[in-house]
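User: I have a structure to read and would like to learn how to go through it step by step. Where do I begin?

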Amino acid sequence: NNLFSTIPTELGLLIQLEYLDLGSNQLTGTIPDSLGSLQSLAGLALHKNFLSGTLPESLSNLSNLQLLYLDENDVSGPFPSSICQLVLDEFWSDCRETQCNCCTTCCSDGAGCA
């Protein structure tokens with residue numbers, strides 16, 4: 001993909017959506033609160049974009065979420081503690097910038113993910 005835009009808040013209306021992969025694009029702006037309405041969502045990939053701001057607390061409503069990829073963005077922390085209460089199989093983030101204590105994989109600019 002080569003999407004240049006912000007993430008539309010209207011995506012939160014797609015309540016039957018199970019996977020949303022917007023990774024490796026040129027997306028800017030913040031992660032919309034409306035994504036927390038996607039109750040069927042099992043995977044959310046937003047990695048390798050230019051997203052900024054903080055992680056919305058509403059994402060902790062995603063009880064079916066198993067995969068969350070936020071690495072290689074400009075998202076800042078700390079993440080809401082409720083995010084760490086989700087049982088995620090994989091949670092990738094830039095741990096230093098986001099102060100993530102529950103990520104399964106930590107990434108850093110130029111050093112990759114480990």
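Analyst: We will go from the overall fold to the sheets and then to the disulfides. Keep in mind that this is a predicted model.

User: How do I judge the overall shape? What radius of gyration does the chain have?

Analyst: Compare the value with what a compact globule of that length would give. For 114 residues the expectation is near 13 Å, and the chain has 13 Å, so the two agree. The C-alpha trace spans about 35 × 30 × 20 Å along its principal axes. As for burial, 44% of the 114 residues count as buried. The chain exposes about 6000 Å², and carbon and sulfur atoms supply 49% of that area.

User: What share of the contacts joins residues at least 24 apart?

Analyst: Take the contacts between residues at least 6 apart in sequence. Of these, 35% join residues at least 24 apart.

User: Which way do S5 and S7 run, and how many bridges join them?

Analyst: Strand S5 (residues 67-69) and strand S7 (residues 90-93) run parallel, joined by three bridges. For a residue pair, take Tyr69: its bridge partner in S7 is Trp92.

User: What does S4 pair with?

Analyst: Strand S4 (residues 50-54) runs parallel to strand S2 (residues 28-29), with two bridges between them. Thr28 stands opposite Phe50 of S4. S4 also runs parallel to S6, through three bridges. There, Ser52 stands opposite Asp74.

User: Next, the disulfides. How many are there?

Analyst: A disulfide is a covalent bond between the sulfur atoms of two cysteines. The count here is four. Number the bonded cysteines in sequence order and the pairing reads 1-4, 2-6, 3-5, 7-8.

User: What does the disulfide of Cys84 and Cys102 tie together?

Analyst: Begin with the geometry. The sulfur atoms of Cys84 and Cys102 are 2.0 Å apart. The torsion about their S-S bond is about -75°, so this disulfide is left-handed. Then place the ends. Cys84 sits in the loop between strand S6 (74-76) and S7, and Cys102 in the loop between helix H1 (95-98) and strand S8 (105-108), so the link ties parts 18 residues apart in sequence. Cys84 is partly exposed at 33% relative accessibility, and Cys102 is partly exposed at 24%.

User: Are Cys100 and Cys103 buried or exposed?

Analyst: Use the cut-off: buried means under 20% relative accessible area. Cys100 has 10% and Cys103 has 15%, so both count as buried. Their sulfur atoms are 2.1 Å apart. With a torsion of about 110°, this disulfide is right-handed.

User: What is the handedness of the link between Cys107 and Cys113?

Analyst: That link is right-handed, with 105° about the S-S bond. The sulfur atoms of Cys107 and Cys113 lie 2.1 Å apart. Cys107 is buried at 5%, whereas Cys113 is partly exposed at 34%.

Note on methods: Residues are numbered from 1 along each chain as its sequence is written. This is a predicted model: local features need pLDDT of at least 70, side-chain atom pairs count only at pLDDT 80 or more; totals for chains, interfaces and linings use all residues. Side-chain values use heavy atoms; hydrogens and water are left out. Two strands pair if DSSP finds at least two bridges between them. Helices (H or I, at least four residues) and strands (E, at least two) are DSSP runs, numbered from the N terminus. A disulfide is a pair of cysteine sulfur atoms within 2.5 Å. Buried means under 20% relative accessible area, exposed over 50%, partly exposed in between (1.4 Å probe, protein chains only). The radius of gyration is taken over C-alpha atoms; the globule rule is 2.2 Å times the number of residues to the power 0.38. Contact means heavy atoms within 4.5 Å. Accessible areas come from the Shrake-Rupley method with a 1.4 Å probe; for residues, only the protein chains shown count as cover.
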